[in-house]
Amino acid sequence: MSDKNKLTVRRPASRRDGGKPAPQAPLFDQQTAPIPRQPRRGAGEMQQMTLPLGAVGMEPLDAPDTPPQRRKKPAGRKKPATEPARRRQMTRGEMRRRRRRRRWLAFFFVVFLMAVGFILSVTVLFKVKHIVVENLDKTTPANTGIYTEDAILGALAVPMEENLFGFSAAEKQAAMELQLPYLETIRVRRRLPDTVVVQVAPATEAWCVKTDAGWAILSDGLKVLKVQPDQPDSLPVITGLGVNAPTAGRYLSTTTQAQSEQISDLMVQLYGQDLADHCTRIDMGLGNDAYFVYDGRIKVLLGTFNNLDYKLSVAALLLKNESGEYLSASDRGTLDVSSQLDSTVHRFTFAPGSFEQEESELPPPDTANSSSASAASGSEAASGSASASQPSSDSAPASGSASASTSQSASQQEQ
């Protein structure tokens, strides 16, 4: 009998107890019966497995599904099932150290690149192949004055094929100013990749001033062009100015900072009002009684340097006489533009007649007594100016009328 038939065999019914068949125990079914529990094996023992009946030679039984175990919910936010494992969060100290380390690495990298660039620029790149001399507005050919371009290049002293950054442009410029004093402006520039540019502007003799070393010849910008023992006849003189030892190629140096500012301001205003070309003399008056002489025939009193631009604008209006209502080309006398009644009212007078060109004394070297000396010199200059502006008795009426008319016309023009 096969194994299949064995499973379907039923026992005969028992006729005991009234002939009713006795209840039969349920047959063992290997498909539904659970697998017997295996005994726990000890450490090092071989596993012993007990197979159910009919398992030999048959297909393997499917193990019953184990019920899923419920996991305890963690306290806090529920994580999604697909979220990857998190890394450990960095502390503030670790983040600070990492940023500091990155900064240092970036700094050393930049320094390394700069060092490499410097070495390449000094040894391989930026060789001087061209030297150009041009005007300040970058036009050529350059106006070099009394010098030639070869003389300028010789004073520059930069050979070809030298590194473009192998010399100091400021030092070259200072050396050229001493060697070439008749150049008002000298600028040494680099033009990448291989050109040195020298920009120049010529200087002309415009003023002279007496110093302890002799007569210093000055340019329009008060640059010392040369020093000679005799006074030049064709140049206007600047007096009343304390001058340090002059050096050709350097700008005029005064004993006090106040005088430097005053003479610079005066020159700017004179050239701005187109009066500098007609000045034959300038006296600084120790800052209190300054004046200048226009065409050798009119002495213009400025007084102090307060409101200098306004005083010179009115003086230019009266002296140039473009409208034909003021001073003519034949007038001689003293024009006083220094009077100021208050902050808004000015009075200008003209006194016809001759005048004296008074020279103010040089400021004393002792700064402690400079204030008293300046006051004394100012009072003497003021009395001299007043006496010089007084006309003679026969010309008194004409002087009064000229003064009144000039003041009235100037006031009308300003209004």
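Select Asn321 to begin, and you will find this residue in the loop between α6 (308-320) and β11 (333-340), where helices (H or I, at least four residues) and strands (E, at least two) are DSSP runs, numbered from the N terminus. Phi of Asn321 is near 50°, a positive value in a residue other than glycine. At 15% relative accessibility, Asn321 counts as buried, a term that means under 20% relative accessible area, with exposed meaning over 50% and partly exposed in between (1.4 Å probe, protein chains only). The model in your viewer is predicted, so local features need pLDDT of at least 70 and side-chain atom pairs count only at pLDDT 80 or more, while totals for chains, interfaces and linings use all residues. Residues are numbered from 1 along each chain as its sequence is written, and side-chain values use heavy atoms, with hydrogens and water left out.

Ala157 is not a glycine, yet its phi is positive, about 60°, and with a relative accessible area of 45% Ala157 is partly exposed. Most residues other than glycine have a negative phi, and most peptide bonds are trans.

Two prolines come next. Select Thr140 and Pro141, which are joined by a cis peptide bond with omega about 0°; Pro141 is found in the loop between β1 (130-134) and α3 (149-156). Then select Leu192 and Pro193, where the peptide bond is cis, with omega near 10°, and where Pro193 lies in the loop between β2 (183-191) and β3 (195-202).

Now colour the strands and look for the open sheet of nine strands, whose order is β6-β5-β4-β7-β8-β9-β10-β11-β12, with mixed pairing; two strands pair if DSSP finds at least two bridges between them. At the edges stand β6 (224-228) and β12 (346-352), each with a single partner strand, so that one side of each is left without a neighbour in the sheet. Neighbouring strands of this sheet are turned by 20° against each other on average, direction ignored. Within the sheet, select β7 (residues 237-239) and β8 (residues 279-283), which pair in the parallel sense over three bridges, and note that Thr239 stands opposite Asp283 in β8.

Axes here are lines fitted to C-alpha atoms, for helices over the stretch in contact (heavy atoms within 4.5 Å), and angles run from 0 to 180 degrees between N-to-C directions.

Turn then to helix α2 (residues 92-123), which holds both Trp104 and Phe107, three residues apart, about one turn of the helix. Their ring centres are 6.0 Å apart and their planes at 90°, so the pair is edge-to-face; rings of Phe, Tyr and Trp (its six-membered ring) pair if their centres lie within 6.5 Å, with planes under 30 degrees apart counting as stacked, over 60 as edge-to-face and the rest as tilted. Trp104, Phe107 and Phe108 form one aromatic cluster, and Phe107 counts as partly exposed at 46% relative accessibility.

Finish with two charges over rings, a term used if NZ of Lys or CZ of Arg is within 6 Å of the ring centre and within 35 degrees of the ring normal. Arg190 lies over the face of Phe167, at 4.9 Å from the ring centre, and Lys299 lies over the face of Tyr291, at 4.4 Å from the ring centre.
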